[in-house]
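Here are a few notes to read alongside the model. Take them one at a time, with the structure open beside you.

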Amino acid sequence: MEILLLVTIVILAIAFINFKDYLNHPHKRPQIDSQGDSQDFNQYQNPYKNQPQPQELSREDKIRESEYGLIVGLLAKLAQSDGKVCELELELMENTIIDIGDALMLQSAMYQKDEILGILHKIFETTTQSVEELTTRYAERTKGQYKNRLKLVEYMLSLAYADGKLGENEREIILDVAAYLEIENADFNALYDAFEKFYANNTQTKSLQESYRILGVSEEDSMEQIKSAYKKLVREYHPDILHHKGLDESIIEKYTEKLQEINVAYEAIKAHKNIQK
C-alpha cells in the first residue's frame, strides 16, 4: 500500500512539473497550421453552389395550383367542350368564380378582390392542362373529402344541363372527372339519372305576365333592367359548392328547378322584346 501511494505521489509531481513548464514556456506548445487550414477552406467546393435555387410561386401560380384554381380550370374545360355557353351557364360559372374569390380573400389578407377575380378569370380563359391532369391534382388536394368531390361532379352536371340538354363532349368530361375522383358508380348513376329525369319532364312554359312576375319586373322596364334582375336572381339561387353545410343538399331539389323557372321566364321576355323591336 505504501509503495502504491509513493508511486501515485511521484506521478502527480511529474504531471505538476510538466504543466508548470507548459504554462511558463508557450513557445513549446504545439502550433495550429492556420495557413494550411485556410488553404483547405479556400479549395473547398460547395456541391450545391451551382444548383438552381427553387423559385417562389407567383400569386397566379399559387391560385392555379390550389383546390379552387383547379375547380375553375375544370369548369373551363367543361365550358369549352361543346364550343358554346348559354347565358345561364355563363352566369352560374361567374357566380362560382365570385364565391371562390371571396373564399380566397378569407384565406389571405395579401390579396385584393379585383386581383383575385382577375387571376381566376385568366385561369378560366387560358387553362391548357388536360382534364386528367386537373382532376388528378384536385384529387390530391381533396383526399378524404368524398362529399366535396361528389358535389363537384353534381355541380358540373348542373352546368352542363343549363341549356336543357347534356352534350356528348360534356358527358365524357364529367365521366372522366368522376372516374379520376373515384366516385362510386351507384352515387354517380343516382346523380345522372336525377338530372336525366328532371330535364326529360321539364316542359316549363310561362305566360308573359307570369314571366314578368317571376323576375320581379314590368313590361315597361328596359332590357338592361330586366337582365340586371335576372342576374340578381341567378346569383340568389345558384348552387354554393364551397361550403360544407350544403354537401347533403340536392342541387336539383334546391336550385335547379328554381333556376330553370327563372331562365324560362327570362328567355320568354327576351323573345317578346325582340318581337317588339
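1. Start with the largest cavity. Keep in mind that this is a predicted model. The residues lining the largest cavity are L88, L92, S158, A162, Y199, P239, I251, T256, L259 and Q260.

2. How big is the space they surround? The largest cavity has a volume of about 60 Å³. A search of the whole structure turns up 3 cavities of 30 Å³ or more.

3. What kinds of residues make up the lining of the largest cavity? The lining has 7 nonpolar residues and 3 polar ones, with no charged residue.

4. Which helix gives the most to the lining of the largest cavity? That is α13, with 4 residues. Both α5 (87-107) and α13 (251-276) supply at least two residues of this lining.

5. Now step back to the domains. The largest cavity lies between domain 1 (58-203) and domain 2 (206-276), because both of them give residues to its lining.

6. Finally, have a look at another helix, α4. This helix covers residues 67-81, 15 residues in total, and spans 21 Å from its first C-alpha to its last, close to the 21 Å expected at 1.5 Å a residue. Is α4 mostly covered or mostly uncovered? Mostly covered: 13 of its 15 residues are buried, where buried means under 20% relative accessible area. After α4 comes G83, with a positive phi near 80°.

Conventions. Residues numbered from 1 in each chain as written. Predicted model: local features only at pLDDT ≥ 70, side-chain atom pairs only at ≥ 80, totals over all residues. Heavy atoms only, no water. 1 Å grid on protein atoms, 1.4 Å probe; cavity = no way out; pocket = protein on both sides within 12 Å on 5 of 7 lines; lining within 4 Å. Points joined across faces, edges and corners; volume = space filled by probe spheres on them. Nonpolar A, V, L, I, M, F, W, Y, C, P; charged D, E, K, R; others polar. Domains from an automatic or database assignment. Expected span 1.5 Å × (residues − 1). Buried < 20%, exposed > 50% of the residue type's maximum accessible area, 1.4 Å probe, protein only.
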